[in-house]
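Have a look at the model first, then read on.

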Amino acid sequence: SSAASDVYKRQGLLNMKKVFGVLLTLVLCLGLTGCGGSGDDSSASGNDVSGNVSLNGSTSMEKFVNALKEAITEEYPNLTLEPQFTGSGAGIEAVTNGTADIGDSSRALKDEEKAKGIEENIVAIDGIAVVTHKDNKVSDLTTDDLKKIYTGEITNWKDLGGDDQAIVVVGREAGSGTRGAFEEILGIEDACKYAQELNETGAVMAKVSETAGAIGYVSLDVVDDTVKSLKLDGVKASEKTIKDGSYTLQRPFVMATKGKISEQSKEVQAVFDFINSEAGQKVIEQVGLIIPDKK
C-alpha cells in the first residue's frame, strides 16, 4: 500500500541521516588528529591538564611563585604547583638532578649550568633594593660607596654624611641568587665582609629593620615601610627606573627547565603557557615585578 511505502521511505531517510552523521563525526575526528588520541596538547583545555608540578629554588621568588600557584587554578583547576624555597643554587641543582620540574633562580644561569642542558627561561625582571634602618639620615649612595661598604673600606655612616655610627653589613648566604646577582653587578664577588649572612629575604628585612646602622639588599617587591630604601646614584628603585635601565641593580627571575619548555610534560608546559597569558602577566605586575621584553 502507499502508506506502507511512505513508512519505508521515511525509515530509509532516517537511516541515511544516521549514516551521514557517523561519517561526519569520523571526518571531524580525523581533522582533529584522532578523537581522544595523542594529538597536539596545546589545544587542550585547562580541564585536560591535571597533576602536580614541583618547583624549587629562590626565596626572592616566593611571593611571585605563591601568587602564581593560586592564580593558575583559575585556568587549570586540576593543576597543583608544589614549590619549595631553598635558594637559587639549590633550585638549579634540583632541576639538574631531576628532583624538581622547575628550578627557580633569581640570577642568570652560569655557563656551566647551561652546559648541563639547563634552559634559562626568564619570566620577570626584579630590582635589588638597598635598604637600611628607618632612622638612618643617609638616603642616597653612589655605586662606589656601596662597593666600599660591602668590601669593608667604609665602616661608619659619618663618612657618608650620616651619624657617627658603625655600619652593620647584612647580606644573604652563599648560594643565594640575590647575593650572586648583587655581587656580580657590583663586581665584588668573594670580596664582601658581612657582619650577618642570612638565608632568607624575610630575615634580611627583619634584621635591617631592627638593627641601628644596618644595611642590606633584598628583592624590590618585598620592600615595605619597616625599612628605608636607599637611592643609588640618585636613582630610586622603581618599575620605571628598572625598565629604562637607569637603576642598575636589577636581575632576571628565571624558571629553569632541563631542556626546552617544548620538551617538558604538558603540566610544566601549562605553567609557562599561563605565565605568558594575560592573566599570568597580571600576576607578574601585581607582585611588583617587571615583564621582560619578548625576544
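1. Start with glutamate 239 and lysine 243, whose side chains meet in a salt bridge at 3.5 Å, N to O (a side-chain nitrogen of Lys or Arg within 4 Å of a carboxyl oxygen of Asp or Glu). They sit four residues apart in helix H8 (residues 239–243), so about one helical turn separates them. Glutamate 239 is partly exposed at 42% relative accessible area, while lysine 243 is exposed at 54% (buried is under 20%, exposed over 50%, partly exposed in between, with a 1.4 Å probe and protein chains only).

2. A word on the source: this is a predicted model, where local features need pLDDT of at least 70, side-chain atom pairs count only at pLDDT 80 or more, and totals for chains, interfaces and linings use all residues. Residues are numbered from 1 along each chain as its sequence is written, and side-chain values use heavy atoms, with hydrogens and water left out.

3. Arginine 251 and aspartate 126 also pair up, at 2.8 Å, N to O. Arginine 251 is buried at 3% relative accessibility, and aspartate 126 is buried at 0%.

4. Aspartate 163 bridges to lysine 137, with the closest N and O atoms 3.1 Å apart. Here aspartate 163 is partly exposed at 36% and lysine 137 exposed at 59%.

5. How many salt bridges does the whole structure hold? The search finds eleven. Arg179, Glu183 and Glu197 are linked in a network of them.

Terms used
Helix = DSSP H or I, 4+ residues; strand = E, 2+ residues; numbered from the N terminus.
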